[in-house]
Amino acid sequence: MYQNEARRFHLTSCQFSLHYSFESYKRAHTMLQNACENLRPDGYFIGTTVDSYELMSVLHNVQHHC
């Protein structure tokens, strides 16, 4: 656990880059563990990533129009 309570954050934010951490279970676990350990107990984590269903729909439509 993080030793210096005064240096923990009220809020952490990860925008449109979470998917890079999900290359493997270990990488995803490490990213989430780092985010949690650096938050205060009442802190917030805000994460945004792409909508995989929408992305696949766009890809499917592009492939059929080429």
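Serine 21 sits in the loop that joins β1 (9-15) to α1 (25-37); helices (H or I, at least four residues) and strands (E, at least two) are DSSP runs, numbered from the N terminus. This is a predicted model, in which local features need pLDDT of at least 70 and side-chain atom pairs count only at pLDDT 80 or more, while totals for chains, interfaces and linings use all residues. Residues are numbered from 1 along each chain as its sequence is written, and side-chain values use heavy atoms, with hydrogens and water left out.

Serine 21 counts as buried because its relative accessibility is 15% (buried means under 20% relative accessible area, exposed over 50%, partly exposed in between, with a 1.4 Å probe and protein chains only). Leaving aside neighbours within four places in sequence, serine 21 is in contact with Arg27, Ala28 and Met31 (contact means heavy atoms within 4.5 Å).

Phenylalanine 16 belongs to the loop between β1 and α1 too. At 53% relative accessibility, phenylalanine 16 counts as exposed. Its phi is near 55 degrees, a positive value in a residue other than glycine.

## A salt bridge

How many salt bridges does a search of the whole structure find? The search finds 1, taking a salt bridge as a side-chain nitrogen of Lys or Arg within 4 Å of a carboxyl oxygen of Asp or Glu. Glutamate 23 forms a salt bridge with arginine 27, and the closest N and O atoms are 3.0 Å apart. Glutamate 23 is exposed, with a relative accessible area of 63%, whereas arginine 27 is partly exposed at 44%.

Now to the strands. Threonine 12 lies in strand β1 and is buried, with a relative accessible area of 16%. Apart from neighbours within four places in sequence, threonine 12 is in contact with Leu39, Tyr44, Phe45 and Ile46.

Tyrosine 44 is found in strand β2 (residues 39-48). With 58% relative accessibility, tyrosine 44 counts as exposed. Together with Leu11 and Ile46, Tyr44 makes a nonpolar surface patch of about 330 Å². Patches are made of residues with over 30% relative accessible area and no salt bridge, nonpolar side chains (Val, Leu, Ile, Met, Phe, Trp, Tyr) being joined within 5 Å and like charges within 9 Å.

## Helix α2

Helix α2 (residues 52-64) has 13 residues, which should span 18 Å at 1.5 Å a residue (the expected span is 1.5 Å times one less than the number of residues). The end C-alpha atoms of α2 are 18 Å apart, which agrees. At the start of α2, a side-chain oxygen of aspartate 51 reaches to within 3.0 Å of the backbone nitrogen of tyrosine 53.

Note on methods. Areas by Shrake-Rupley, 256 points an atom, 1.4 Å probe, with all protein chains shown as cover. Polar contact = N/O pair within 3.5 Å; in protein donor to acceptor, adjacent residues only side chain to side chain.
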